[in-house]
Amino acid sequence: MALLEVKGLSKSFGGLMAVNNAGLTVEEGRPHSIIGPNGAGKSTFLNMIIGRLKPDKGSVLFSGQSLIGLQPQQINQRGVVRVFQSPAIYPEMTVLENVTVSTLAKRDGTFKFNFLERPLKRKDAVTAAEEALTEVDLIGQQHEEAKNLSYGNKRRLELAMCLAQKPRLLLLDEPTAGMSQSDTIATINLLQKLGKNGEFTKVIIEHDMHVVFTLAEHITVLHQGTVIADGSPDEIKNSEIVQEAYLGGMEE
Amino acid sequence: MSFSQFALQLLTGLQIGAIYVLVALGLTLIFGTLGVANFAHGALYMIGAYFGLVVSSQLGWGWAALLVPLGLFGVGILFDRGLLQFFYKRPVTDQILVTFGLAIIIQELARTIFGGTTKPFPAPQWARIPVDIGFGYYPPWRLVIIAVTIIVVILLFILLRYTKFGLMVRAGMRDPEMVRYLGIDATRLFTIVVGLGAMFAGVAGIMGGPAYSIEPGSGMAMLVPSFLVVVIGGMGSLVGAVIAGLLMGLAVSFSVIFVPAVSQVIIYLVAVIVLIVRPRGLFGVEGIG
Amino acid sequence: MKKQSLFARDSIYMLIAAIVIFSLRWTLPLLGGYSELATRMLIFSILVLGFDILVGLTGYLSFGHAAFWGIGAYICGYILLHFTQNILVAMILGVLIVSIIAFLLGIITLRRHGIYFAILTLAFAEMFYYLALAPLQKWTGGDNGLTGIKTPQLFGLELSGLAMYIFVGIWTLIALYTARRIKNSPYGLMLRAIKSNEERLTFTGINVFRYKVMAFLISGIFAGLAGTLFAAYETYVPTESLHWTLSGEIVIMSVIGGFGTLIGPMMGAAIVLYLENVLSAITDQWNLILGVIFMSFVIFLPGGVMSLSKQLRRLFSRDQVPANRTESQGGD
């Protein structure tokens, strides 16, 4: 069974079809990438999977179970976790607290009224948070306020927050956008390392082709809201339709 | 209830609603373009009323009708340049706090200057004695309120629809980012919008003063229902403010007849019901707030 | 090791709080206040503590907390007046009814953010005010408020003066301890996350709405508790208990003290009541002065007195701090 199976997804905003009958299949353990020029509907597509937008039509099956109609927090608790494009963190809290929120969410579920629990009781959650911070190499800054981090580190922090949730499917929205050359390389290396042993499956939305061909083993191409190609990196590279619609335009 | 009774009550409802409309229009204009929630808007209404009282008793009503709107326009510009502009980008909570603080200060200043008691504010001589309007006797001043409000609303809609300034305001209300992209001098635009908002509040004040009398608490007493009107109409919707304001006025005026016990509570009840059924307000756009 | 030191720090915190709370009645007259003012300060500090759990932690600014305080006061007063002098019965019933109302109001108002939330809470509170004024005046005494409440009793002991002060002091201590535990709990962490980035929290698998409703409820319970104590202490419930000016005063106290710090708003309450007591004796313009003080805090010291030391430190060490920290301020 595929980990994620999306079929016939459609969404229009006031007559404009943002996503039109799009679908894809993500196999467990196979890094997947969704590419397409700006305005191709990638973000809308992602937002429908995580429950931010309600699709007009279509189905989303996550390990065989439908996600349609579930609340965002329920979808997250099932293991579908998203890293946002501009770092979505808690700026006024420390780096460690940021990640502890995630581990507590993992531990306690969508709601737990543990309003008298002492800090010591959440030691496991804090330890798990520290582990995640170690993975992204931010452990040295764990007591800093998150808003004081550099842009690249903010994005790493968000990645740690998502990793700490022990996702089954990690959706990354342009993980290298806005990063410097060195940060981009570091991020690619990090992403290559993460989840390599099949702990989770990555779905990466990107328009940096270098990132995509390095990280993904399967690629879906969106163009004007529809899927125009779907296949291995080599197939995509050689696809004429993709060349025309997308890669051709990029080479100018 | 006879027809004439009904008609008179309808007029009263429109008159009460007209004041709400004027105050709410300013609130919603300022919120829509600047994104600022102005808790000092009731204070502007009160300034208009006291200013009107002073000018009309010293110089006469003609001067009051001229000076109050102009003066309040100036007050609005001062208000924006002196305070609001520093809070455009601050969190909504800070905007609420700072304008709330200003409202308290203005209210207390009014108490210091004019005393804490209710001041009688006589309407012009010709508008005091009820006249026969076909189906009953009615105070002309209340008709003036309705007429002036209609004129103001029409002028505002003309201004917004047919002038370049109006185009910019509408663009700003739809999408605040757009103002920047269009290369509009946002600072001047915002300042004028606040000035206009204050002017409407001032007009409401000089008309509402004689209708209800004034005291330092009048501002806050007007702010809460007007804000509810804005919320019910849909934050940032001008049409919504007009319709919701009139509905509120009618609700108040008819509840006095049918269910006097709840007449003071009726606006809150209406607001609660509307917002439970339709959280974004009657004409609100999804996604705001 | 760590466990011990943490426990010790908690104990010292509470011990200092207890000393301050239970000495106020005697220290205050030294500063020009009267001893009964201490009881009043403690009652208000319970109110602002609850307010801080909602507003300070989640960032949802309520302008309607007078409703919970007032309803608590009216119900407690009514029971003391007509049914029993047993203060615990009156308080329990008062708080119970307030919690039901807070829960329902939370469900309705917390669907909206920012300005909507502020207006909705304000509107509901005003609704209760006008309800108490006219339609319910048979029970509330209308304009006059509830008068002639008998001195409440605790197991036969008349609660007034010193006894009332100690009784209130114990409740203040309980409230502070609870509020602190809440703030430091995982639950409190979630509330702070709501303030910082509510949407992220939703996509981290948290049912934000339920957390908010519970925060609103807790906050209402604190306010209701304070209201019941107020009625018992004053043996009188004025209509102003439900008026928006009280909601505004709670906001003012919290801002002056510093949102989100618990101790700050308590200090803010004490400061405002103290100044009111001292200044209103010399000038009629007390409210004007309060307004000016409040505005100055919002503009110049948004963190309240609790941030004073931090601000001063920053001011004096400005030339030693490298500039690289400052640019990140507006980045979010």
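Predicted model: local features only at pLDDT ≥ 70, side-chain atom pairs only at ≥ 80, totals over all residues.
What do the buried residues of α5(A) pack against?

Residues are numbered from 1 along each chain as its sequence is written, while chains are lettered from A and ligands numbered from 1 in the order in which they are written.

Chain A first. Chain A has nine helices and 10 strands. Both are DSSP runs, numbered from the N terminus: helices are H or I with at least four residues, strands are E with at least two. The C-alpha trace of chain A spans about 60 × 40 × 35 Å along its principal axes. The radius of gyration of chain A is 18 Å, which agrees with the value near 18 Å for a compact globule of 252 residues. That radius is taken over C-alpha atoms, and the globule rule is 2.2 Å times the number of residues to the power 0.38.

Of the 252 residues in chain A, 45% are buried. Buried means 20 or more other C-beta atoms within 10 Å of the residue's own, with C-beta atoms placed from the backbone.

Back to the opening question. Helix α5 of chain A covers residues 151–163. Ten of its 13 residues are buried, so α5(A) is largely enclosed by the rest of the structure. Among them are Arg155(A), Leu159(A) and Cys162(A). The buried residues pack against β6 (80–83), α3 (95–108), α4 (123–135) and β7 (169–173) of chain A. Contact here means C-beta atoms, placed from the backbone, within 7 Å.

Now the sheet. Six strands of chain A form an open sheet, in the order β6-β7-β8-β3-β9-β10, with mixed pairing. Strands pair if DSSP finds at least two bridges between them. The edge strands are β6 and β10 (226–231) of chain A, each pairing on one side only. Inside the sheet, β3 (residues 32–35) and β9 (residues 218–223) of chain A run parallel over four bridges. Ser33(A) has Ile219(A) as its bridge partner in β9(A). Helix α1 (residues 42–49) of chain A packs on the sheet and touches β3, β6, β7, β8 (201–206) and β9 of chain A. The direction of α1(A) makes about 150° with that of β7(A). Axes are lines fitted to C-alpha atoms, for helices over the stretch in contact, and angles run from 0 to 180 degrees between N-to-C directions.

Next, some antiparallel pairs. β1 (residues 4–13) and β4 (residues 57–62) of chain A pair over five bridges. Glu5(A) stands opposite Leu61(A) in β4(A). Two bridges join β4(A) to β5 (residues 65–66) of chain A. β4(A) and β5(A) form a hairpin with two residues between them. Ser63(A), in the turn, has a positive phi of about 40°.

Last, the chains together. Which chains share the most contacts? Of the two pairs of chains in contact, chains A and C do. Chains A and B do not touch; their nearest C-alpha atoms are 12 Å apart. Chain B, with 30 residues, is in contact with 33 residues of chain C. On the chain B side, α4(B) gives the most, with 14 residues.

Terms used
Buried ≥ 20, exposed ≤ 12 C-beta atoms within 10 Å, placed from the backbone. Expected span 1.5 Å × (residues − 1).
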